[in-house]
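Here is a friendly walk through a single protein chain, written for someone who likes to know how each value is defined. Have the viewer open as you read.

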Amino acid sequence: MKTLMLAAAIAAVVSAGAATDVKVEFWRDDVVRILKIPECGKSPEKSYVVTAKPEKVAVAKSEKDGAATYSSAKLRVTVDAEGRVAFAAADGTPLLAEEGTTFTPRAKGDPDENSFSVRQAWLLDGDEPVYGLGIVQEDSISRRGITKKVLQDNIEDYSPVLQSIKGWGVFIDSASIAEYKELNGVMSYTSEVGDASDYYFMYGGTSDGVVRQIRWLSGEVPMLPKWSLGYYVSRERYTSWAQLAEIVDEHRKRGIPMDCIVQDWQYWGGNENWNALDFIADGFKDNPEAGVKAVHDRNAKLMISFWPDFGPNAKPNKDFRDRGWYFKDFVTWPRDEGVIVYDAFNPAARDLYWKYVRRLVDCGIDAWWMDSTEPDHWPHTKESFDAPTFLGSYRRVCNLFPLMTVGGIYDHQRADEPDGRRRVSIMTRSCFTGLQRTGANTWSGDVDSKWEVLRKQIPAGLGFGLTGNPNFNTDIGGFHPWHFSGYPGGILKCPEFIELNVRWMQYALFNPIFRSHGTGAPREIWQFGEKGTPAYDAMVEAVKLRYRFMPYLYSTARWVTKDGGTMMRPLFAEYRADPGTWEVSDQFLFGTELMVAPVVRYRAGQRRVYLPAGTKWTSFFDGRVFEGGRWIAEDVSLDTIPLYAKAGAIVPMGPVMQYVDEVKNPVVEIRVFPGADGSFTLYDDAGDGYQYEKGEFSEIPLKWDDAKKTLTIGARRGAYPGMPETRRFRAVLPDGTAMSADYAGAEVSVRF
C-alpha cells in the first residue's frame with residue numbers, strides 16, 4: 001500500500017473483451033471522477049458544465065484478487081477485473097456499485113460514426129429512493145420505476161444529477177439526448193452519443209451536502225436582486241406601454257403589492273419580425289424608453305421576453321444567416337418559413353446575440369425572460385438532430401443549449417457592466433447542470449391548468465433543487481386553461497378555475513420566484529372577483545404574506561449563495577433519519593425554519609400533513625403544537641395555508657409593503673417558536689448590485705435560548721452604504737406575547 005498526494009489515480013483494465021482505460025480521479029476526498037475510455041474512444045476535450053479544478057488528495061492504493069481499491073479520507077473506490085466500479089464510505093459502508101458500462105458504436109455514415117452510444121448502469125438497494133434529474137412532471141419525488149427521454153422540452157427540464165437517501169450523488173457529464181431508466185433495482189443512463197463514459201460520484205452524506213458538491217463542481221449561485229423576491233404580474237400578453245402602466249396603477253390603487261410586470265411576446269409585431277429584439281408593434285414602437293420609465297416611475301421593474309430564433313424579416317436573421325451561425329434542418333416556433341435558431345454553442349454567435357439584446361438593455365429594461373431555451377423545434381426528425389453545430393451534431397450537445405444561451409447573456413451583461421451596479425435577472429424555460437451559476441430562475445413551462453398538474457409542480461420543483469439549481473417557479477394557475485373554456489360566462493367565471501388559482505398562488509408564494517401568468521384569460525387578481533369575495537381576499541392575503549416574509553426570504557437567499565442552501569427542499573433534506581419523509585412529495589421545507597403543506601385538491605375540507613420526527617412542530621398561524629413523527633389531518637378553508645415552524649425556529653418578518661424596500665427601515669418582527677434552542681442570521685445589503693461580493697453587507701446573528709426563554713440579537717457584522725445604523729425589533733411568541741428592542745449594532749437580549 002502506498003499513500004500519494006494525487007489529483008488522479010489511474011487503472012487500466014479489460015472490459016467486455018476490449019481494452020478500456022478506467023480512470024479514477026479524486027477531485028476532492030469526497031468527489032471522484034470516473035472516466036472510461038473504450039478502444040477507439042477518446043477523453044472528452046472539455047466540460048462545459050464543470051468549472052472546478054481537482055485538489056490534491058491523499059489517496060491510498062491497494063490490490064487484491066485482481067481488483068484495485070483507491071481510498072481517500074472519505075471514500076473507497078474499487079475497480080474490479082472487469083472494469084466495474086464500486087463506491088463505499090471510508091468505514092467500508094457500501095454506497096453504490098456499477099452493473100457495468102456498454103459502448104455501442106454508432107452506425108457508419110452517421111454524423112457521429114466515430115463515437116458510441118454509452119450505457120452506464122448502477123445497482124440500487126431494494127428500498128433506496130433516488131431523486132433529482134431536473135424538472136420532471138411526475139406525482140412522486142422518487143425517480144425509481146420511471147423511464148424518461150432526457151431531452152429538454154417545454155415542461156420538463158433535465159439535469160443529469162441524481163442523489164440517494166444514502167447521501168451519495170452522481171453527475172453524468174453528457175449533454176447528449178439520453179434515456180434515464182430505473183427498473184428492478186438497475187438505474188441506467190444511456191447517452192445516444194459519447195466518446196467515453198464520464199461521471200462524478202459525490203458523497204455528501206446528506207441531500208444538502210450533495211447539492212453543495214455539485215455547486216462546487218459546476219458553479220455557485222449568485223444573489224438575485226431583492227426586488228426579484230417580490231410578486232411578478234404577467235399574462236399572455238399586454239399590448240402597449242400604456243396598458244403596462246395601467247396594470248401597475250391598478251395594483252397600487254388596490255393596495256396589492258407587486259414589484260415586477262412582465263411583457264410577453266409580440267411587441268415586435270407579426271411573425272415575419274419574430275423576435276426582432278426591437279419594438280415594432282403598434283402600442284410599443286413609439287419611444288420605448290419612455291414606456292420603461294413609466295413603469296419605473298410607479299416603483300416597479302420590467303421583465304421582457306425574447307427567444308433564440310428570428311423571423312425572416314428580423315434584422316438578426318440576416319446577420320446570423322450571412323455568417324452561417326444557425327441550425328439547419330430545424331423547424332421551430334413559429335412554424336413559418338425562414339425562421340432560424342442561432343447556434344448558441346458558438347461563442348461568436350453568443351457575442352452577436354448579445355449585440356441585439358443590448359437594444360433592450362439600453363431602453364432600461366430590468367430583467368430577461370428567455371423563452372424557448374430548449375430550443376423548441378418540431379418535428380423531432382433525424383435530420384434535425386443530425387444538424388451540425390459549433391460543437392458537433394445537435395444530438396451530441398442539445399441538452400447543453402440552455403446553459404450556452406442563458407450563460408451567454410449573463411456573462412455579457414456582467415462584462416458590459418463592470419461597475420456591478422445591478423444584478424442580472426433571468427427567467428428561462430429550460431435548464432441544465434451549471435445554470436445555477438448565472439442565478440437564472442427556471443419555470444416549469446406551459447403547464448395545463450389542472451389540479452393534477454398543480455400537484456406535480458411540487459415534486460418537479462423539489463427534484464430540480466436537488467440537482468443544484470435552486471431558483472424555480474411556475475405559472476400561477478397554469479398556462480393553459482382550455483378545458484375550462486366551455487363554462488357558461490367564460491373561464492373567469494368558473495368556480496373550479498378560480499379556486500385552482502387561489503390554491504396555486506398559496507403554493508407559489510413559497511417558491512423562490514412568485515409569478516402569475518397564463519393564456520386564455522387575464523390573470524390579475526381582480527379578474528377573479530372583487531374585494532370582499534373569498535377568492536380575491538385569499539389571493540391578496542397570499543401576496544401580502546409574501547412581502548411580510550421578505551426579511552426571511554432575503555436572508556434565506558443569502559444562505560443559498562453563501563452556504564449552498566436551497567429555498568425549497570424535500571423533508572428528508574433535514575429529517576433523513578425518519579423514513580416517513582423519504583417519499584413525501586406534496587410538502588416541503590421553506591428555508592431552514594418552516595414547512596409548508598399546500599392545499600392542492602379541489603374543494604378540500606381537510607389536508608393530511610406529515611410532521612417529521614426529531615422535533616415538535618408549531619402551526620404558524622395559530623400556535624398549536626404537535627409532536628413529530630406522525631400524520632395529522634388539518635381542517636382547511638379557502639384562505640387556509642398549512643404552515644409549520646420547527647421547534648427553535650426564528651423567522652424575521654416585516655410589514656406589508658407595496659414593493660420591496662418601500663419602507664426604508666421597517667420594524668422587524670422576530671417570530672420565535674420555543675421548544676428547542678435555535679439560531680438564524682438576518683442578512684441585508686443594498687438589495688442590488690454585486691458589491692456584496694466585495695464584503696458590502698451586514699449580518700445580525702439571532703439566537704434563542706429555550707431554557708432561559710431569551711432571544712439574543714447579536715453584534716452586527718459588516719456594513720454597506722445606506723445601511724440603517726439603528727433598528728427596531730419586536731420579538732413575538734406564538735401566544736402573541738411580544739417585547740420590543742432598540743438596536744444600534746451591539747448585542748441586545750430580550751427575555752420572556
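## Helix H10, an enclosed helix

Helix H10 is largely enclosed by the rest of the structure, because twelve of its 14 residues are buried. Buried here means under 20% relative accessible area, exposed means over 50%, and partly exposed lies in between (1.4 Å probe, protein chains only). Helices (H or I, at least four residues) and strands (E, at least two) are DSSP runs, numbered from the N terminus. The buried residues of H10 are Phe-497, Ile-498, Glu-499, Leu-500, Asn-501, Val-502, Arg-503, Trp-504, Met-505, Gln-506, Tyr-507 and Ala-508.

From its first C-alpha to its last, H10 reaches 20 Å, close to the 20 Å expected at 1.5 Å a residue. That expected span is 1.5 Å times one less than the number of residues in the helix.

A word on the model itself: it is predicted, so local features need pLDDT of at least 70 and side-chain atom pairs count only at pLDDT 80 or more, while totals for chains, interfaces and linings use all residues. Residues are numbered from 1 along each chain as its sequence is written, and side-chain values use heavy atoms, with hydrogens and water left out.

## Helix H11 and what covers it

How does the span of helix H11 (residues 534-548) agree with 1.5 Å a residue? Its 15 residues should span 21 Å, and the end C-alpha atoms are 21 Å apart, which agrees. Buried residues of H11 include Ala-535, Tyr-536, Met-539, Val-543 and Tyr-547.

## The chain as a whole

The secondary structure of the protein chain comes to 13 helices and 45 strands. With 752 residues, a compact globule would have a radius of gyration near 27 Å, and the 26 Å of this chain agrees. The radius is taken over C-alpha atoms, and the globule rule is 2.2 Å times the number of residues to the power 0.38. Along the principal axes, the C-alpha atoms fill a box of roughly 75 × 70 × 55 Å.

Buried residues make up 63% of the 752 residues. Among contacts (heavy atoms within 4.5 Å) with a separation of 6 or more, 69% come from residues 24 or more positions apart. The chain exposes about 26900 Å², with carbon and sulfur atoms supplying 49% of it; the areas come from the Shrake-Rupley method with a 1.4 Å probe, and for residues only the protein chains shown count as cover.

The mean positions of the 89 positive and 101 negative charges are 3 Å apart. Lys and Arg count as positive and Asp and Glu as negative, with His and the chain ends not counted. Each charge is placed at NZ of Lys, CZ of Arg, CG of Asp or CD of Glu.

## Backbone details to check

Where are the cis peptide bonds? One runs from Trp-333 to Pro-334, with omega near -5°, and Pro-334 sits in the loop between helix H4 (315-323) and strand E22 (340-341). Another joins Trp-378 and Pro-379, with omega about 0°; Pro-379 is found in the loop between strand E23 (367-370) and helix H6 (382-386).

Asn-287 is not a glycine, yet has a positive phi of about 50°. Asn-287 lies in the loop between strand E19 (260-263) and helix H3 (288-297) and is partly exposed at 47% relative accessible area. Asp-661, also not a glycine, has a positive phi of about 65°. The loop holding Asp-661 runs between strands E38 (650-653) and E39 (668-672), and Asp-661 counts as partly exposed at 28%.

Leaving aside residues up to four places away in sequence, Gln-163 touches several residues, including Tyr-131, Trp-168, Val-210 and Leu-466.

Asp-742, in strand E44 (residues 738-743), is exposed, with a relative accessible area of 55%. Beyond residues up to four places away in sequence, Asp-742 touches Arg-727, Arg-728 and Val-748.
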